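Hi everyone, thanks for making the time. I'd like to walk you through a structure this morning, so let me put it up on the screen.

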Amino acid sequence: MPANSNSTSAPSGIRPVLGKLAAACSAVAGVTVIVWISLPRIPIDRITTQRKQLVQPSNCAECHPDQVASFKSAPHAQTLRLASDPSVVQRFDGKSVKLPDDQGEIEFRFRQHNLWAVHKTPKGSDSDHAIRLDWAFGSGLHAQTLVATWRNLDNGNDGLEHRVSWYPNAGLAITLGQSGPLQPGLTPHGKPMNHAQLMNCFACHSSNLPHQSGRLDIQSVQPNVGCIRCHNRAEEHLTAVTKISSSEKQSGQDLHIERWSDFSPLESVNRCGECHRRADEFTAEELTPSNKLLIRFAPAGLVMSRCFQQQRPASRETQIGVKKQLTCLTCHDPHQPAKSDPEFYRQRCVICHAADQQHTKLCSSQPTSSQCVTCHMPKIPIHPNLSFTDHWIRIR
Amino acid sequence: MPQARACLNNGRNNARVCGVPLNNWFGPFRQLLFSPTVNRRFNVSQRCQQPSPNSARSPASIVLLVAAVGCLAITPIESDELWWQLSRGRAVIDGAVAPCQELLTADVAREADWLGGVPFYLVHSIADVSGLMALKLAVVSGFAWLLWSRANALPHVAALTLTFAGLLAIAGAGEPAPLMFDTLALLLVDRLARRWLVKPSWINALGVVGLFLVWSNLARLPALGLASLAIVLLCRDRSADRQPTNWQSWRLVGVAAIASCVTPRGWWTLWDSLRLLMPWIAAPFVVVQQYSAWQPLAWTQWGLPEFAFGILTVAGVIGLINRVVRNQSSGRPGLLFLLGQFIAWTSNANLTLGAVLTTLALIDAWPTRSSDVAASFRNQPLLWCRALRPILFVTASLILICRASGWLPNCPNRLGWGLVPHLDPAPLQQALQQTQLRGTVHCVGIRAAGMLSWLRPNGLTAFDIPQRALLGRRLPVEAALNRDLLHGREFSYRRADLSDGGWWIPLQKRGTALLLVDDGYAGIIRQLCQDAESIWRPFSLQSSVVPFGKAGDPGCSHQIIETLRFERYLTWAAPAAKPISNSGSDTHWDLWGTTTKTPDPSASVRQARLLNAMQLHIPAIRLLAPVLNQTNSHSVRSAFAAGQLALAYSERLEVGQPSHFRSLAFRSTADMSLQCKVAYATLPAEAELRKRNPELFNDNTRYVNGKPPAVDASQLPAEPTGDPAATAELLYARGWWLIESGQLTMALAVFENMLSTYPDHHLSRLVRRNVQDAREFQ
């Protein structure tokens, strides 16, 4: 096959040829750029995404001052602190805890603006091992656990959940799940975690966890479960409300915010379950009333309750200002600390379990004036220093 | 001056050595070394030139090309798609029209290339793996012939260089996968289209249409062929006497397009083809780039085909500029070149087809021997011309030798016959045959899906593969699921697009009973194995596709427990390992190793990397020690150093500082990139360790060369001598050397000696636990 047919000289010179080549190149480059720009972005974790305009509580306070003010006292607003925070240092500095099975002792010291934990062997030998603690997880309502972080071999972050936690009733004691002899994978200081495990912890205790080059950007971490953690699309909402006038706001214009009141009961509980665990994240064998593991995970227990499963579609608001439906929000306002008065919870129960309600039964053993939660949702100890309310509402 | 040089040249041609004319000593390479082009340039007399109208097919060139075909084709099959294509072929032979629907739970659409696996399955049924190897050899020979015959009109050096470089770039398409048909068809389209241009008869047109009909039913990318056909037909040379009109050309392209749609997929065939050619139009680019096959070329690790493509690209640019400078029409070669470059640079999977188009464009653009050679060489310096052919020949030979021996980076597959070890499905079959699992299988990688489909275990079906997920718009979901597995995101979380993340719920909804992960996805394997609380546990350590079953699932719990025991045995009590041999197995014959008696470390390195990913660092080190003794290969030392670093890191975690032993072993084997990854491990420097513990340093030199230092119990220090810390470190090292060389009893004696002598040393805490674990196997 001869291949010389293309060798004829073009009479019109170099310009038309160059022009054609340039046009072809431009067309290809143009199409590539357009396609490239129009591509949607990768749907990675909302929490770890670097967001240019991060909505701050102060932005929310402009329109929702009451919620923001009351939220400051809520446990959700205190889920993560620096270990060098004075409130944390006060709980740990200068104190020590003996480890079980003659494994030595852990002593906490605050030195050079950092909180350190030193493991001392029983004989006080040269194997003392000090570790710097960076974060304190937990509001302290149930417990507060220290976490150390460092750069790992892949340039990410690894960490360690410390073996000693602070409990409101007992002070310093062994962390939940780390008592007993040293199992493989545990160190005297606690349970090491790889980057993924560590980020899973942070993801539920903070509102924004931006990463730089695969590593946690400590300076930009927005600690605690703030407004934007539960109210998705807060950025769009902020942009929308700044653009439209107040009169339009009242006319029901789309404010680009997710309304929790629009969620179905299951959807609402599952939203809380993203951190407090969902029922569908357990196997059928695990979802039994006898499983003490479930007690820690309130949404899972709640969803398994007959109260939840047999509820009717949400109806109008009741006299006490809540919808007649059972979700986490029926009893708990996440912007405030949980109520400790049993009467408050009884009132929630009798919204449905009252004499005038046809589809519910009245308690056969106690009058409706008695405290429901004492029998149906008791507090159950799962650790010498830790009790949780069992949210699997049932007759026991 | 030229006359004088010509006389010199003439004289050399007439010279004799040992009574034999000098030209005869060069034998078949004579044509290559003293071509008519060079002779004409130096005005050599007709007596010396021996010109021939067909001199491009000189024996030397033929020998070189045959050697190239041999070195590139006679290498074990390594396509990850092999078992998938064979499974598809078997499904069609069994009566399925949509084989993917049979093999995948998620797939509901028909595929255009439904016959793609049939030829391979038939060849495999008739002649097993040897048949596939013979097919590979034949196809690569076909590529070489098609390129060579197309470049025949060019000057010798150009023809040979282009054919050789083109062959290097496209030889990978000889593997049994649809890309083979795509490449062959693309070369044939060019040939048939040009034939039709010369003689626009209906028979020639029928050839083109028939080719597209076959192509679309066998392979994935007829859309590229249509684009190539349109360029060749419409950007033709208008000066020839008998030329088809534009209308005739368009009509042929249209009929070819219609023929392409005669598949079970119908009119969607070309759209599917276009999406596979440019996957980023079917799914977000950020999703597509998670799959290495679809990453842009610049992002991938370059091997021989990529470098050959790079050379073709540079040559193409020069060739096109040359044409422009000489006022020649550049439309057709220019567009072919741009098309080839575009598809190759945007998706690594298109490299071969991009190289075909670039080579064809180059051949089109290059000045032909008959008309332009004199002009193109007019101003070339003498030395350059004389040196070019021997340089080309020597370079090509060196490349081929390196390729055949597996020395080239990212091309470890050396001369051999059969399948590469990691394509052997026997270990997976062995692992699966004792299970009683029911449900779907989440396969990470097409090799995993292929092996599973080929083995057909009862009650298990693969869920999806990336290509089908792309066409079925499921790729973002699959990619997100794999990313969740990689990042250990088990439970629900909110993604940036507000969709639900977390792997638990989707896998539960699919009824996933098994995860199968290719060893190429080491990150996912590492994450699953690192998480002690993960429900997924591996139940095979030999298979290159790692099966993960659910802890507590009665269908595989026995295998999981057995694997756990085996892991502990490999760590503590296994005897000294032997290098994994590539020779002598049923499916692989290491031709280069047998001939040259050189070991092939690639299988051992691959296995060691897998063991490292599975957090089995001691077994990985055991496996590599004898290989270190045989070869000083960079890949072996890297895998060895990675294991040492991971162990040093875990020592640092547990007792606050790494041992001198692991630090030294790492420092003396790691390259610079690994040396930088010691952020938290904070290993001491090699010089410091040498100063602190010279005895350990000397023993370490033997250790890192695969010769564990001999330890005699009588030499063990009973009492602390010298620096106690250094002695404790030495005892610790000796204990581990003994364990790694399979002498557990003696190792325990050393460790107990250490515990009694240095009970408070920080390493003693580690040793106590080791002794406790190891006693089980004493």
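Let's begin with an arginine. Arg277(A) lies over the face of Phe282(A), with 4.4 Å to the ring centre. Arg277(A) also lies over the face of Phe491(B), and there the distance to the ring centre is 3.8 Å. Before I go on, please keep in mind that this is a predicted model.

Now, what about aromatic pairs? Over all chains, a search of the whole structure turns up 26 of them. Here is one from chain A: the ring centres of Trp135(A) and Phe202(A) are 5.4 Å apart and the planes meet at 85 degrees, so this pair is edge-to-face. The partners come from distant parts of the chain, 67 residues apart, with Trp135(A) in strand 6 (residues 135-137) of chain A and Phe202(A) in helix 5 (residues 195-205) of chain A. Are these two buried or exposed? Both Trp135(A) and Phe202(A) are buried.

Phe282(A) forms an aromatic pair with Phe297(A), a tilted one, at 5.8 Å centre to centre and 45 degrees between the planes. Both residues sit in the loop between helix 9 (265-276) and helix 10 (298-304) of chain A, 15 residues apart. Phe282(A) has 4% relative accessibility and counts as buried, and Phe297(A), at 12%, counts as buried too. Over in chain B, there is an aromatic cluster made up of Trp302(B), Phe307(B), Phe309(B) and Trp345(B).

Next, the sheet in chain B. It is an open sheet of five strands in the order 5-4-8-10-9, and the pairing is mixed. Which strands stand at the edges? They are strand 5 (460-462) and strand 9 (536-538) of chain B; each has a single partner strand, so one side of each has no neighbour in the sheet. From one strand to the next, the twist averages 30 degrees.

I'd like to stay with strand 10 of chain B for a moment. Strand 10 (residues 545-550) pairs with strand 8 (residues 512-518) of chain B in the antiparallel sense, over five bridges. In that pairing, Val546(B) stands opposite Val517(B). Strand 9 of chain B also pairs with strand 10 of chain B in the antiparallel sense, this time over three bridges. There, Phe548(B) in strand 10 is the bridge partner of Pro538(B). Strands 9 and 10 of chain B are joined by a hairpin through six residues.

How many residues of strand 10 of chain B are buried? Six of its six, so to speak, and the strand is described as mostly covered. As a reminder, in a regular strand the side chains alternate between the two faces of the sheet. On one side of strand 10 we have Val545(B), Pro547(B) and Gly549(B), on the other Val546(B), Phe548(B) and Lys550(B), and all of these are buried.

Last topic, the cysteines. How many disulfides are there over all chains? The count comes to zero. Cys272(A) is in no disulfide, and the nearest cysteine sulfur, in Cys328(A), is 3.8 Å away, while the cut-off for a disulfide is within 2.5 Å.

Terms used:
Residues are numbered from 1 along each chain as its sequence is written. Chains are lettered from A and ligands numbered from 1 in the order in which they are written. This is a predicted model: local features need pLDDT of at least 70, side-chain atom pairs count only at pLDDT 80 or more; totals for chains, interfaces and linings use all residues. Side-chain values use heavy atoms; hydrogens and water are left out. Two strands pair if DSSP finds at least two bridges between them. Helices (H or I, at least four residues) and strands (E, at least two) are DSSP runs, numbered from the N terminus. Axes are lines fitted to C-alpha atoms, for helices over the stretch in contact, and angles run from 0 to 180 degrees between N-to-C directions. Rings of Phe, Tyr and Trp (its six-membered ring) pair if their centres lie within 6.5 Å; planes under 30 degrees apart count as stacked, over 60 as edge-to-face and the rest as tilted. Buried means under 20% relative accessible area, exposed over 50%, partly exposed in between (1.4 Å probe, protein chains only). A charge sits over a ring if NZ of Lys or CZ of Arg is within 6 Å of the ring centre and within 35 degrees of the ring normal.
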